[in-house]
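My plan was to look things up one by one and write each down as I went.

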Amino acid sequence: MNLGSGTPNARTVMDVLLDKAGTAYFTNDEKDQFLDLAILEFITERYLMFEANQLVKDELSLCVKEVTATAAAGLIDLTASPFNTTDDKYWHLLSIEDSNKQNVKVMQWDDYTAVKNDPFNKPTYKNPVVLMLNNSTAQHLRIVGGDEAGTYTIRYLVIPTLPHADAIDDAASMCPEIPEVYHHQVIELAIRKILGNLEDPRQVVQATETKNYYQV
């Protein structure tokens with residue numbers, strides 16, 4: 001759905017839904033901010049359910065990127081190319097495989113601390129793990145137990161394009177990282193956020209409908 005002169009566009013659809021609801025007028029800037037929040041929530045909720053079913057994978061299909069990167073002393077820099085380019089920027093890790101197509105387990109630091117000295121569970125060359133390292137300037141994957149100079153295949157979600165951050169009104173689509181067939185769900189989510197902001201009781205009903213949709 002084009003945000004500019006295209007018809008229909010996200011703002012026009014929002015206007016129709018808001019008019020039917022009899023709510024107050026919202027500027028384009030305000031509508032875009034609600035769309036931003038809806039896009040982020042749409043993707044984040046599905047990221048948390050990514051392995052649940054095929055529908056969720058389809059909804060996030062355009063957000064998923066796969067790249068091959070070589071570790072340097074066991075570190076893979078997620079703030080450098082190919083994870084950080086003009087078009088795409090790393091957001092959430094989905095999976096990582098070594099050169100033998102073996103899955104590398106993603107582990108939390110507290111779990112790693114608990115098993116690193118356990119001879120039966122500690123990471124090994126055949127059973128490596130990956131940890132997240134973050135500081136104020138960079139984000140890395142830390143390979144433990146695997147090939148510290150090896151090549152790894154990494155699947156991740158990119159940061160979505162947000163309408164409010166786009167200076168050009170007639171951008172190609174509302175959010176190119178979400179298939180257009182699902183854009184109406186994002187718009188409905190934005191409307192629910194507006195109704196929630198207005199403390200409208202219809203927001204509760206619509207939220208319940210969405211929850212039931214994914215429990216079918």
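**Helix H5.** I started with H5, which covers residues 183–197 in this predicted model. The helix has 15 residues. I took its reach from first C-alpha to last and got 21 Å, close to the 21 Å expected at 1.5 Å a residue. Next I listed its buried residues. Among them are His-183, Gln-185 and Arg-192. The list also holds Val-186, Ile-187, Leu-189, Ala-190, Ile-191, Ile-194 and Leu-195.

**Overall layout.** I then stepped back to the whole chain. I count six helices and seven strands. Read from the N terminus, the order is α-α-α-β-β-β-β-α-β-β-β-α-α. The chain has 216 residues, and 39% of them count as buried. I also checked the contacts with a separation of 6 or more: 65% of these join residues 24 or more positions apart. The accessible surface is about 12100 Å², and carbon and sulfur atoms hold 52% of that.

**Confidence.** How far does pLDDT average out over the chain, and what share of residues scores at least 70? The average is 83, and 83% of the residues reach at least 70. Two stretches went on my caution list. Over residues 2–7 pLDDT stays under 50, and the model has 19 contacts there beyond four places in sequence. Residues 203–216 also stay under 50, with 15 such contacts. Where pLDDT is low, predicted coordinates should not be read in detail. I left both stretches alone after that.

**The sheet.** I traced an open sheet of four strands in the order E2-E6-E5-E4, and its pairing is mixed. Which strands stand at the edges? They are E2 and E4 (105–106). Each has a single partner strand, so one side of each is left without a neighbour in the sheet.

I went through the pairs in turn.

- E2 (residues 75–77) and E6 (residues 139–144) pair antiparallel over three bridges. Here Ile-76 stands opposite Leu-141.
- E5 (residues 129–134) and E6 run antiparallel and are joined by six bridges. Here Leu-133 stands opposite His-140. E5 and E6 form a hairpin, with four residues between them.
- E4 and E5 run parallel, joined by two bridges. Lys-105 has Val-129 of E5 as its bridge partner.

**His-140.** I picked out this residue, which sits in strand E6. Is His-140 buried or exposed? At a relative accessible area of 18%, His-140 is buried, because the cut-off for that is under 20%. I set aside neighbours within four places in sequence and listed the contacts of His-140. They are Leu-75, Ile-76, Asp-77 and Leu-78, along with Leu-131, Met-132 and Leu-133.

**Phe-50.** I looked next at the loop between helix H2 (28–48) and helix H3 (54–59), where Phe-50 lies. Phe-50 is buried, with a relative accessible area of 13%. Leaving out neighbours within four places, Phe-50 is in contact with Val-56, Lys-57, Leu-60, Val-64 and Leu-94. I followed up on Leu-94, which is 44 residues from Phe-50 along the chain. Their C-alpha atoms are separated by 8.5 Å.

**Cysteines.** How many disulfides are there? I count zero. I checked Cys-63 and Cys-175. The sulfur of Cys-63 has its closest cysteine sulfur in Cys-175, at 6.2 Å. The cut-off for a disulfide is within 2.5 Å. The pair is therefore too far apart for a bond. Cys-175 is in no disulfide. Cys-63 is buried, at a relative accessible area of 0%. Cys-175 is buried too, also at 0%.

I closed with the backbone angles. The peptide bond from Ser-81 to Pro-82 is cis, with omega near 10°. Pro-82 lies in the loop between E2 and strand E3 (90–97).

Ala-73 has a phi of about 55°. Ala-73 is in the loop between strand E1 (64–70) and E2, and it is exposed, at a relative accessible area of 59%. Lys-101 has phi near 65°. Lys-101 is in the loop between E3 and E4. At 61% relative accessibility, Lys-101 counts as exposed.

Conventions:
Residues numbered from 1 in each chain as written. Predicted model: local features only at pLDDT ≥ 70, side-chain atom pairs only at ≥ 80, totals over all residues. Heavy atoms only, no water. pLDDT = per-residue confidence, 0-100. Contact = heavy atoms within 4.5 Å. Pairing = 2+ DSSP bridges. Expected span 1.5 Å × (residues − 1). Buried < 20%, exposed > 50% of the residue type's maximum accessible area, 1.4 Å probe, protein only. Areas by Shrake-Rupley, 256 points an atom, 1.4 Å probe, with all protein chains shown as cover.
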